[in-house]
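Welcome, and thanks for taking a look. Please keep the structure open beside you while you read this short report.

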Amino acid sequence: MGVAEDLKRTNKGLLRYKRELSSELVQKLTEEVSAPPKLYIYHPENQSYRREGKVVPSLQSPDEKQDKGKDEAEDLDVSASSSKTVNGVGDSTKQDRPLPASVKLYTSPPVSPDYGRTSLQIRHYEVMCDNKAKGLIEAKRKEFERMDQELQLMVEEKANELEEKQREEMRKLYEQTSRLQLKEKAETSKRIQQMRDSHRTRKKIQDDKLLEGERKKLQLQEEERRRNEQEKKHAVLQFYSRIKQTHDNLTSLFDNCKYKQHLPESAHTPKQVCVQILAKADAMMKKGGLAPEDLQGMKNLMEYSKNTYDFMVKHLEEATRKGKAEEVELAKQQQQQQQQQQAQHKAAAEAAQAAAAPTPGVPATPGTPSAVARRQSVIDEVVTEYELYKAKLDDVLKSLAAFTANTQMKKYRFELQKSVNTPINSIAPVDGSNLRDKLQKLIHLLGGHQIEGKHVSAKDTPEGISFCKNLIAKMFVKKGEEQVSSKHESAFAIAMVAAGLWLEHSDVGDLMLAHFHSFCPYIVPLYIPKDSSMSSQDYHRMLGYKVDSNGTIEAQDKFLKRMSGIMRLYAAILVSSPPRSNAVHPHGIEHAWIWLSRVLNMDPQPDITATLTYDMLQVAGHTLFSAYKVQFVKLLFLLYKEFLPKLKSVSVAGGPVARLEQFLEQTLNKFKMKQIMPHPDGYLAQNFWFS
C-alpha cells in the first residue's frame, strides 16, 4: 500500500483524465476532422482506374518527399488540379510536366473539397500542440531548476549543520579526553608515590632480612667450619692411630717371624716404608694447623700403610709356610741320617761331610729367572698395589663363582644386571639433576632397596649386593674402552657419577681400581715382562690386548685407542668432584701426580707410555697445575728434557710421541707467557651437580 500511495503523489498521478465522453462532444470532434479522401490511380496501359488504399510509393520522388509540406498554398493548388483531373483525365495528363523515362506516369487521385481546410486545421492544431508542449517543457524545466537550486541550498545547509555538529562533538570529546587525562595523570602520580613508599618500606624489610640472613649464614659457616675442623682432627687422629697400629703390628709380626731367611728381597722394603709412613704422619701431627690436603694426605698414608701391611702379611705367611716345610724336610733328613749312621758306623764321618757339602747343579738363589726379571722391571710399590687389588678382585670373583654358575638364579641375575646397566648407560651431561638421578638409583640399589617396578632387591640373596658392586665397577671401566675412547668429552659425566658412588661405597672404588688394573695394567703403571713359558697370546692378554678364539691379537691402533679411553676415564675420575662440596675426594688428584712420578722412574714402553702420558696430562693437567703450581711446571720440563728422548728411542709409530711433544711445547710456552692451562673439552665443574 505504501508504494501505491507514493505513486499517487507523483506528478503523473496527480493528472485527471476524462474517461467518459458525451455523444455531443464525440460528434463535434468527428465533424471537425473529416475522413481522408479516397484515392484512385489511373493506369494508361489498360485505360482503367484502380482503387487503392494508399498512394503508390514509386510516384513520389525523393525531392517530393522532402518538399512534402513546404507550404499550404501548393497543397491547395494540388487539390484544385486534382479536381480538374477527375473531370477530364486525358486533358490533365497533357498539361503535366514531363517526367523521366524511368518513372511511370500516374494520374493524381481525386481529393475531397474539404481536404485543404481539414489539412490546415490539422496543421494549426499540431502547431498549437507543439507550442503547448514546449511551454509545458519550459515550465517543467524552470520548475526543475528551481527545485534543484532549493535542493542545493538544503544540501549546503545540511552540510553546514553536520560540520558544525562535528566540530561541537570534537570540542566536547577533546574537553572530555583532557579531563580524563588530567584525572589519570593525577591518579598515576598518586599511585607512583604509593609504590615508591611501598618499595622503600619493602626494601628496608628486605635489607633487614638480608642482613639477618648474612649474619645467620656467617654463623652457620663458622659452625660448619668448626665442625669440619673437629671432624678433620678426629679423622686425622683416627688415621694416625691406624697408621701407628699398623706400624706396631707390622713390626711385631716381622720381629716374631722365625723364618725371615725365606722372605724375598722385596719383603724387607715394607718395614722401612712403614717406618717412613709413620715418620711422615708424626711430622704432620706436629705441624699443627691441618689443611684440607693434610687430611687427604693422612688418609693416603693410612691406605698405603694398610696395603704395605697386607703385602707384608702375605709374604710372612708364605715364608712361614716355606719355613715349616723346610723344618719338616730337615727333620726327615735328620731321621734318615740317623738311620744311615746306625747302619754304617764306619762311614759316619764321610756321610756327615757329604751331607754338609752343597749339591752340584742346584742354584744357590731361590726364585725363577722370570720372577727376577719381573722384579727388576717394576717398582716394589707398583707390584704391591697391583697384587693387592688383583687379590681383592680374585676373592670377590671366587665368592661369586657359585652364584654366577647357578642356573636357577639366572632371572634374578638378569634383573640385577638390568638395574645396573640402565642408569650407567643413560648417563649424559644434560644437567645436574640427570647425574643425581643416576647416582641415587645406584645407591638405592646397593642399599638393598627394592628395584623400581620389580619385587626384587639386591639383598634377597647373600651374594646380591656383592654381585652388583662388582658389576657396577666393571661397567664403569667398560664405558671407558667403549664410549670414552670414541667420544672423549663424555668421560666427565661418567666420572662424576663414579666419584660420587666411590665416596658412598669405598669397596666399589676398590673394585673399580681392580678392574682398571685388569683392563689396563699401565694405569698402575705396571709393565709386565714376558715369561719364557708364556705364549704370545697369553702375554698380550695380560697386557690388555684382545685375543679372539682363533688366536688373532688385536691391532696396535685399536689397542691404543681402547687404552686411551680407559686412561681418560680414570684421569677424569681424579679431577671430578663428588656431589658433596665439603667431602674429601676418595681418589683425588694426588694419584695423578703419583702416576706421573712412577712413569718417570721406569723405562718407557713403545707407544703406550707416550699415549697414556699425553692422555693423563691433557685431562688432569689443569687440575695438577692448580694443585702443585711450580712443581708441576718442573715436572713437565723434566718430561720434555729427559723423558721425551727415551720415548723417542723406543717409539714405533711416532704419532703418540709427536702428540706428546707438541703438547709439552705448547704448555711450556703458555707458562712462559704466564698463561694457565685451559680446562679439557667437556669438563664439568663441581657446581654442575646443582644445575
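## A histidine and its surroundings

Contact here means heavy atoms within 4.5 Å. This is a predicted model, and in it His622 touches Met677, Pro678 and His679 once its neighbours within four places in sequence are left aside. His622 itself belongs to helix H20, which covers residues 608-628.

One of these partners deserves a second look. The side chains of His622 and His679 also make a polar contact, at 3.4 Å. Is His622 buried or exposed? Its relative accessibility is 13%, and because buried means under 20%, His622 counts as buried.

## Two helices that cross

Next, a helix pair. Two packed helices are described by the angle between their axes and the distance between the axes. For helix H14 (residues 464-484) and helix H18 (residues 556-575), the axes come within 7 Å and cross at roughly 125 degrees. H14 and H18 are therefore oblique to each other, and the crossing of H14 past H18 is right-handed.

Which residues make the contact? From H14 come Phe476, Val477, Gly480, Glu481 and Val484, while H18 supplies Arg562, Gly565, Ile566, Arg568 and Leu569.

## Cysteines

How many disulfides does the structure hold? The count is zero.

Cys520, at 0% relative accessibility, counts as buried, whereas Cys129, at 32%, counts as partly exposed.

Methods
Residues are numbered from 1 along each chain as its sequence is written. This is a predicted model: local features need pLDDT of at least 70, side-chain atom pairs count only at pLDDT 80 or more; totals for chains, interfaces and linings use all residues. Side-chain values use heavy atoms; hydrogens and water are left out. Helices (H or I, at least four residues) and strands (E, at least two) are DSSP runs, numbered from the N terminus. Buried means under 20% relative accessible area, exposed over 50%, partly exposed in between (1.4 Å probe, protein chains only). A polar contact is a pair of N or O atoms within 3.5 Å; within protein, one must be able to donate a hydrogen and the other to accept it, and residues adjacent in sequence count only if both atoms are side-chain atoms. A disulfide is a pair of cysteine sulfur atoms within 2.5 Å. Axes are lines fitted to C-alpha atoms, for helices over the stretch in contact, and angles run from 0 to 180 degrees between N-to-C directions. Angles under 35 degrees count as roughly parallel, over 145 as roughly antiparallel, 65 to 115 as roughly perpendicular and the rest as oblique. A crossing is left-handed if the near helix is turned anticlockwise from the far one by less than a right angle, and right-handed if clockwise.
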